[in-house]
Amino acid sequence: MRKIFNLLHNIRKFYWRTLKVKTFGVRVMIINRQFSDGKIFLVKHRYGDLWVLPGGQIKRGEAAENAAIREVFEETNIKILSFEKVLGEYKNNQEGKNDTVTVFVANEWRDGGRKWNWEIKESGFFDLENLPEGTSSATRSRVSEYITGSPPMLKW
């Protein structure tokens with residue numbers, strides 16, 4: 001099954017590189033403040049082996065906030081009720097596409113419990129100060145910016 005997901009993802013990347021596709025996406029930092037150090041929710045996709053923030057592509061005509069709410073619910077069964085802020089807007093050219101990603105910080109949400117999702121292999125809350133091995137460099141940078149309050153970097 002993993003081989004199929006990787007093959008499909010590689011086909012997608014070839015398409016992006018060939019046609020110089022411009023995409024817009026969202027990621028959401030879901031912070032659980034019930035713990036003194038705070039915990040952040042991360043996902044691991046079936047077509048990759050990195051821990052990342054949940055999120056995805058903005059559909060044509062869709063507002064970024066609505067895309068963030070939809071993508072998080074589809075991937076995690078967590079319903080975002082409100083956002084604390086926009087952490088920043090970032091450019092990503094790593095997979096051959098021209099991607100602009102808006103990162104939101106959710107301050108109010110309701111967890112509906114995990115359910116099987118074809119896209120997500122693993123998910124969970126992790127210490128903000130001690131992210132799991134295999135966390136993407138972009139996710140580590142976003143968490144650092146959130147913790148320190150430093151301005152966003154321009155590129156992933």
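Me: Helices (H or I, at least four residues) and strands (E, at least two) are DSSP runs, numbered from the N terminus. In which element is Thr-23 placed?

Reply: Thr-23 lies in strand 1, which covers residues 22-32. The model is a predicted one, in which local features require pLDDT of at least 70 and side-chain atom pairs pLDDT 80 or more, while totals for chains, interfaces and linings use all residues. Residues are numbered from 1 along each chain as its sequence is written, and side-chain values use heavy atoms, without hydrogens and water.

Me: What makes up the protein as a whole, element by element?

Reply: The protein has three helices and seven strands. Read from the N terminus, their order is α-β-β-β-β-α-β-β-β-α.

Me: Why is Thr-23 called buried?

Reply: The term buried means under 20% relative accessible area, exposed means over 50%, and partly exposed is in between (1.4 Å probe, protein chains only). Thr-23 has a relative accessibility of 6%, and therefore counts as buried. Of the 156 residues of the protein, 44% are buried in this sense.

Me: How do you know that Thr-23 and Asp-99 make a polar contact?

Reply: A polar contact is a pair of N or O atoms within 3.5 Å, one able to donate a hydrogen and the other to accept it; neighbours in sequence count only through side-chain atoms on both sides. The side chains of Thr-23 and Asp-99 are joined by such a contact of 2.7 Å, a value within the limit of 3.5 Å.

Me: What is the setting of Asp-99, and why does Asp-99 count as buried?

Reply: Asp-99 belongs to strand 6, which spans residues 98-111. Asp-99 counts as buried because its relative accessibility is 7%. With contact taken as heavy atoms within 4.5 Å, and residues up to four places away in sequence set aside, Asp-99 touches Thr-23, Phe-24, Gly-25, Tyr-90, Lys-91, Asn-92 and Asn-93.

Me: Why is Val-52 called buried, and which residues does Val-52 touch?

Reply: Val-52 sits in strand 3, residues 51-52. The relative accessible area of Val-52 is 13%, so this residue is buried. Beyond four places in sequence, the residues in touch with Val-52 are Arg-27, Leu-42, Val-43, His-45, Ser-136 and Thr-139. Phe-41 is 11 residues from Val-52 in sequence, and their C-alpha atoms are 8.8 Å apart.

Me: Which residues of helix 2 are buried, and what covers them?

Reply: The buried residues are Ala-67, Ala-68, Arg-70, Glu-71, Val-72, Glu-75 and Thr-76. Their cover includes strand 1, strand 2 (39-45), strand 4 (55-57), strand 5 (78-92), strand 6 and strand 7 (120-127). An α-helix has 3.6 residues a turn, so residues three or four places apart point the same way.

Me: What makes Glu-74 partly exposed?

Reply: Glu-74 is also placed in helix 2. Its relative accessible area is 38%, so Glu-74 is partly exposed. Gly-56 is 18 residues from Glu-74 in sequence, with 9.8 Å between their C-alpha atoms.
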